[in-house]
Amino acid sequence: MPKTDSLQGSLDLLVLKILSRRPRLHGYAIMAAIAGTSGDVLRAEEGSLYPALYRMEEAGWIRAEWVKKETGRRARVYELTVAGRKQLGAEESRWQSVSLAINRVLREA
Amino acid sequence: MSLWSRISNAVHGERLNSEIDEELQAHVEEAIASGLDPREARRAFGSTLRAREASHSIRAAGWLESLLADANFGWRQLCRNKVASFAAVLSLALGIGSCVAAFRLIDALLWRPLPISNANNLYVLSRKMIGLYGKPIEDGYWATPDFKLMRDAVKDQADLIAISDADRTDISWSTSDDVERAHVVYVSGNMFPLFGLEPALGRLLYPADDRGSGTGPYAVLSWDYWNHRFGRDPHVLGRPLHIGDQTFEIIGVGPRGFLGTEKGTVTDIFLPLSVNSMVTEDKADWHRIYVMLKPGVNPGTGLEPIRQHLSAVNHAFGVECTTCYRGETKASIDRFLNQTLIFNPAGAGISDLQKEYRRFLAVLGLMVVLVLLIACANVANMMTAQAAARSQEMALRISIGAGRRRLVQLILTQSALLALLASVVGACFAAWSAPFVLSLVNPPDNPARLDLPADWRVLLFGLGLMILVVLLLGLLPALRASAVRPVAALKGGEDPHSPRRLMRGAIALQVAFCFLVLFLSSLFVTSFQRLQNRPLGFSTDRLLLLETSAGKGQLPVVWNQTAEALRAAPGVDSVAIAGWPILGRIRINSDISINGAPPSATPAFFLNVSPGWLSTMKIPLVSGRDFRREETSPGAAIVNETFAKTFFPGQDAIGRTFERGVNQPLNKIVGVTPDLPDHDLREPNGPVFYVPFSEIDDKSAPTPAGFATFIIHTESRNPLALADSLRQLIAQRHNGLRVSNVTTQLDLVRDQTVRERLIATLAAFFAVVALLLAGVGLYAVLNYSVLQRRREIGIRMAIGSSRAGIVRIVTLDVFLMIALGGCVGAALGLGAARYVASLFYQVKATDVDIIALPACALLITALVATLPAVLRALRTDPREILRAE
């Protein structure tokens with residue numbers, strides 16, 4: 001089953017959604033959450049996850065912070081901003097309308 | 001966060017990289033911890049370097065990063081040639097600083113609008129006509145009765161405001177205090193409200209204060225005067241101010257920043273028009289008239305009807321005026337009354353200083369721009385040479401994929417760096433030099449004062465100038481460098497001549513500009529020298545001048561007794577009295593009528609002097625004798641030679657008589673003196689007559705004199721050493737005489753040439769700078785060219801070219817450029833000199849020595865500058881060159 005293609009254009013939506021449910025996750029945890037909640041169907045590539053995170057950070061949708069973990073290592077954790085919450089709403093409704101339209105095509109064509 | 005964080009990330013690029021690395025590393029470890037195979041976990045990332053690059057470019061502003069890299073590179077380039085870079089920055093700084101300073105002066109004096117509301121609706125009224133002496137004149141001064149008629153005539157379309165010029169007046173803040181001087185301006189009561197000005201303290205003058213009856217009289221101080229004379233003391237309100245025999249009450253202080261309407265002079269005290277005794281006189285043209293259009297009146301179409309209306313009113317006033325033209329013929333009165341009224345925009349104020357210095361500032365502006373261009377050409381040449389030396393590097397950069405835009409940016413960044421450094425130094429120079437030059441504009445005892453703020457206007461100009469300099473410096477070398485063809489450049493040079501062609505063009509331009517600067521400065525310096533060396537006809541040695549006023553006036557006998565007392569003081573050689581000093585600011589003309597005929601076409605100027613004035617001033621007599629003690633005016637007169645020649649041509653003037661106007665008492669000429677410049681060194685001598693200081697009225701009773709000047713010849717070399725004791729001696733006599741100003745005759749003569757000295761000094765300074773820069777530029781270009789052509793020169797020598805031949809090929813084209821530039825410069829100079837001919841004294845631009853001087857200076861500079869390169873060319877060792885190949 002192709003895993004990456006299914007994420008085309010919807011990585012932002014997934015990241016925002018996951019961060020809205022569970023704030024302050026680091027990159028690996030976000031990746032794991034995407035895989036976990038989708039039952040290993042969806043998988044974010046490391047090579048595209050981090051650029052996407054930085055892009056959203058620059059856009060002001062999420063904000064990052066370095067925290068110290070018990071292991072003594074630092075981790076960069078992300079959380080949603082107010083602008084990000086708004087963006088999430090917009091992305092969600094866009095996704096809804098797109099999937100609705102695709103479903104209609106599949107049914108009626 | 002976004003833009004700022006991207007900029008900050010660009011500046012701290014290394015820190016960003018380590019952060020990204022740390023996060024990615026943490027990710028891998030997390031993956032391993034959750035049970036993934038370490039190799040697998042690492043492989044999932046692909047190339048870490050690529051991941052980092054992709055992340056980096058998102059989080060950092062790429063344009064800024066490349067700019068920083070270029071700036072860094074440019075800075076290292078500049079540091080590599082420390083001496084050249086230092087010289088470049090210094091010469092550019094001088095150019096930029098001079099330009100900004102000149103702009104500050106020009107803007108402040110000529111362009112900057114007055115800090116009033118509706119400044120662009122403000123006009124000043126003047127008239128053109130044939131004067132009573134038959135010459136066309138433009139006159140900006142008006143009589144108050146005329147003003148009132150005109151004001152009422154157009155009151156629906158415009159407001160007319162009367163404002164006198166600032167007059168240095170003797171004032172006193174208490175009856176016992178010493179007299180001091182302040183710039184007093186008379187204004188009509190509507191000025192402050194119409195200008196929309198608010199008081200800083202108390203209240204300003206209203207139209208009601210200007211009715212000349214009832215309350216008052218009131219006076220308003222300017223903020224500036226209040227600040228420096230009273231230290232912003234609020235208790236100044238209500239204080240009495242004594243001017244002559246009038247007493248005023250201070251009722252307020254004007255707004256900060258409003259220095260009056262006369263640019264160059266700061267008004268100290270505003271008085272209502274009506275308190276001046278001249279307001280009722282029909283023939284006293286003494287104040288300016290400003291016109292403020294009513295809101296809603298279109299300046300394009302509304303001015304002409306107002307002008308015609310005013311013309312009609314003014315003409316009717318002139319026709320009605322019976323006292324104005326006593327003794328003139330009907331024809332000359334009619335000619336005089338045919339006046340054309342003119343509106344000139346006055347939003348930037350109106351002053352004589354503007355008129356006097358407009359052309360001077362234009363020349364100054366031209367010279368500083370030329371110096372800046374010369375400096376730019378120098379630095380551009382330097383950068384072209386550097387770029388040519390780096391053509392291989394550029395070719396390499398292009399080969400490995402650098403965009404041409406990037407290369408242009410690289411070189412422009414370097415020139416921007418230079419311009420920025422130069423601008424910082426230049427700004428400091430401008431901050432110092434603009435006030436410094438301004439302080440030299442007028443005589444030291446009455447300096448010109450202008451508001452010289454460093455505000456957005458100056459900043460904007462500086463910024464624009466900097467961008468211009470960057471483009472001038474960098475654009476050509478940048479385009480050239482980016483046009484490098486990698487194949488040719490890497491093979492070892494394509495056309496070795498092309499950068500030199502560009503540089504030679506720059507040399508020609510530089511020489512042309514330099515010649516222009518030299519030419520103008522030689523004109524100004526020669527003019528100043530001739531003016532300064534003009535024979536005076538009197539001695540300025542050891543002459544102390546005490547300008548003295550006497551309130552309501554004192555009889556001649558009191559003045560004479562005071563002169564006696566001064567004569568008895570130790571250290572005093574001789575003492576004379578004159579109405580005012582010669583070559584000072586005062587000059588009064590008088591009609592001359594011979595045998596009851598109508599006044600002559602030429603007026604004569606007069607001065608009343610005591611007996612002994614001629615000997616104190618060391619003025620010889622051509623014939624006749626000095627005044628006697630008992631002689632009075634009218635009665636006796638001494639005239640200069642021009643007077644005698646003008647009014648009694650071909651006759652002996654001694655014993656003849658003249659009247660000062662028709663039906664006036666006779667004056668009998670008792671002596672003739674040589675001509676001497678009496679008011680203005682620049683002017684040719686006119687007819688002058690002297691009358692005795694003691695005046696009598698038509699009933700032969702002595703008339704009091706309100707002011708006069710004691711001229712004291714001292715024994716000591718420094719006449720000012722006696723000033724304080726003599727001043728006290730006069731004050732102790734308690735006879736109403738007070739010294740209001742102390743100066744020396746030598747200072748008055750020096751003050752005559754203030755403007756010329758200033759122009760000559762600045763012009764000479766910029767000439768030296770221009771010559772130096774051009775010389776350095778020439779040296780650099782020739783030196784570079786010899787280095788570039790070493791191979792060619794070596795081969796020529798090897799095949800037997802003579803030394804003269806080598807010198808010729810090295811210098812021929814450069815001297816052709818110099819000749820070309822010189823010719824262009826001379827042509828430009830002759831054109832420019834025509835425009836400023838009015839600033840010269842007895843100098844013509846076509847004089848041989850005026851052209852020869854700059855040409856010689858340029859030629860000598862060129863010879864000196866080319867010598868090192870020629871020697872280097874001659875020392876070329878062909879064997880060494882050919883072996884190296």
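Start at B:Val154. In this predicted model, B:Val154 is partly exposed, because 19 other C-beta atoms lie within 10 Å, and a residue needs 20 or more to be buried. B:Val154 sits in the loop between α7 and β3 (158-164) of chain B.

Now show what surrounds this residue. Neighbours within four places in sequence aside, B:Val154 is in contact with B:Leu160, B:Ile306, B:His309 and B:Leu310.

**Next: the α7(B) and α10(B) pair**

Select residues 144-153 of chain B for helix α7 and residues 299-320 of chain B for helix α10. Two packed helices are described by the angle between their axes and the distance between the axes. Here the axes come within 9 Å and cross at roughly 145°. The crossing of α7(B) and α10(B) is right-handed.

From α7(B), pick B:Asp146, B:Leu149, B:Met150 and B:Ala153. They meet B:His309, B:Leu310, B:Val313, B:Asn314 and B:Phe317 in α10(B). Colour this set by residue class: 6 are nonpolar, 2 polar and 1 charged. B:His309 and B:Leu310 belong to this α10(B) set, and both also contact B:Val154.

**Zoom out: chain B**

Switch to cartoon. Chain B has 27 helices and 23 strands. Its radius of gyration is 37 Å, well over the 29 Å that the globule rule gives for 885 residues, so chain B is more spread out than a compact globule. Along the principal axes, the C-alpha trace spans about 125 × 80 × 60 Å. Of the 885 residues, 40% count as buried. Among contacts between residues at least 6 apart in sequence, 84% join residues at least 24 apart.

Colour by domain:

- domain 1: 2-60
- domain 2: 66-112 + 353-494
- domain 3: 119-347
- domain 4: 497-535 + 753-885
- domain 5: 543-715

**Last stop: chain A against chain B**

Show both chains. Here 18 residues of chain B are in contact with 16 residues of chain A. Which helices of chain B each supply at least two residues of the side that touches chain A? Select α1 (2-11), α2 (13-33) and α4 (48-59) of chain B. The largest share, 7 residues, comes from α2(B). By class, this side of chain B divides into 9 nonpolar, 4 polar and 5 charged residues.

Key:
Residues numbered from 1 in each chain as written. Chains lettered and ligands numbered in written order. Predicted model: local features only at pLDDT ≥ 70, side-chain atom pairs only at ≥ 80, totals over all residues. Axes fitted to C-alpha atoms, helices over the stretch in contact; angles between N-to-C directions. Helix = DSSP H or I, 4+ residues; strand = E, 2+ residues; numbered from the N terminus. Left-handed = near helix turned anticlockwise from the far one by under 90°. Contact = placed C-beta atoms within 7 Å. Nonpolar A, V, L, I, M, F, W, Y, C, P; charged D, E, K, R; others polar. Domains from an automatic or database assignment. Rg over C-alpha atoms; globule rule 2.2 N^0.38 Å. Buried ≥ 20, exposed ≤ 12 C-beta atoms within 10 Å, placed from the backbone.
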